[in-house]
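Please look through the structure below before reading my comments. They are written for someone new to this kind of note.

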Amino acid sequence: MLPGPDTPPTIADVAREAAVSKTTASDALRGHGRVSGPTRRAVLEAAERLGYAPNRSARSLRTSVTDTIALHIPEFLTSAEYYMSFVFGVAEQVARAGLNVTLLSSGHLPHSGAVPQVDGLVLCDPVAEDPVVEQLMNSGLPVVTAERYVGDRQPTGVIWSDHETSMTGLLDHLYEAGARRPAFIASDTTSDWATTLQLTHARWCAARGAPKLVRKAPFGSPPDVLQGAVRDMLAEAPEIDAIVCAADGAAAAILPELRAAGRTVGRDLLLASCVDSSSMRTAEPPITAVDLRPRAMGAECARLLCEILSGETPRGTVRALPIEMNVRTSTRP
């Protein structure tokens, strides 16, 4: 019998609707225990149909489960469009699983050695030298990282993309469009993403016999810093015929400097970005960029963490997220 309009549904109602036991329904909703994927989805759908809302406060008093996962992104990255899309992807997937998400900022973490009161963690582009990341990696909690972690400890799960192949494809595209001296404005972070891009560019230049023209810029640099880097590169190597920018938004930010230098993007100089965004699509001309699918990346990280917490997926799971290049006018001479 279904609950009446004035009677809140109970876990027993959800179990009956999903044709499972109360224990199985409870485990599926909490994201714990060994519940199969189809069964867990059936329980979640039954709970949604009935409008079941668990009493999280009471549950947390009875168990050590908080029904909350934490997301950590370094504060200096939060202005980038990629990371905001990533956050929305995590939040949406966690909500589908009936859990909560909290954002851990570097300045408001528990004191050194303390463990956040959550069931698990998602870390975006973790950097090994970051003491906050090291603290979270050593917390004893399940940790899923977006991209590989290059520190000593291994995360519980990883979602990664093949940036070596995508960077090689981007440089090959520039070569096919006529570029023989492509410069690279790299990110100075030591994340797996940033390091892979730099190593791939160096290998590609060596294989093609092209000069290795690189300038590093701090991630999140304002436009004047990026424009200064381009100005210096063009002064030192005026033969540059293509520029690839690593950071989110950097390629659009340097357009005024390229025009001031008398260069015409898409004709005598090709321009591309390792991160696609709205600024790449709306630039004049529109800029060729790699779509890293940040919203999907966030959702997949949250999905994997929930599956590991529920016992549905083993620890140590690594999954790849496909990415692709969007070719636009900036690389069509």
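The points below cover helix packing and then cavities.

1. This is a predicted model, in which local features need pLDDT of at least 70, side-chain atom pairs count only at pLDDT 80 or more, and totals for chains, interfaces and linings use all residues. Residues are numbered from 1 along each chain as its sequence is written, and side-chain values use heavy atoms, with hydrogens and water left out.

2. Helix 5 (residues 81-96) packs on helix 13 (residues 294-310) at an angle of about 40°, their axes 6 Å apart. Helix 5 is therefore oblique to helix 13. Helices here are DSSP runs (H or I, at least four residues), numbered from the N terminus. Axes are lines fitted to C-alpha atoms over the stretch in contact, and angles run from 0 to 180 degrees between N-to-C directions. Under 35 degrees counts as roughly parallel, over 145 as roughly antiparallel, 65 to 115 as roughly perpendicular, and the rest as oblique.

3. The residues that helix 5 brings to helix 13 include Tyr82, Phe86 and Phe88, and those on the helix 13 side include Pro294, Met297 and Cys301. Contact means heavy atoms within 4.5 Å. By class, this contact has 10 nonpolar, four polar and three charged residues. Ala, Val, Leu, Ile, Met, Phe, Trp, Tyr, Cys and Pro count as nonpolar, Asp, Glu, Lys and Arg as charged, and the others, Gly among them, as polar.

4. Helix 7 (residues 163-176) and helix 8 (residues 192-208) also meet at about 40°, with axes 9 Å apart. That angle makes helix 7 oblique to helix 8. Among the residues in this contact are His163 and Met167 of helix 7, with Trp193 and Trp204 of helix 8. The contact divides into six nonpolar, five polar and four charged residues.

5. What lines the largest cavity? Its lining is Tyr82, Tyr83, Asp125, Glu147, His163, Trp193, Phe219, Asp248, Val275 and Leu292. By class that is six nonpolar, one polar and three charged residues. The largest cavity holds about 80 Å³ of space, and the count comes to two cavities of 30 Å³ or more. A cavity is a set of points on a 1 Å grid over the protein atoms alone where a 1.4 Å probe fits but cannot get out, and lining residues have an atom within 4 Å of a point. Grid points are joined across faces, edges and corners, and a volume is the space filled by probe spheres set on the points.

Methods: 1 Å grid on protein atoms, 1.4 Å probe; cavity = no way out; pocket = protein on both sides within 12 Å on 5 of 7 lines; lining within 4 Å. Helix = DSSP H or I, 4+ residues; strand = E, 2+ residues; numbered from the N terminus.
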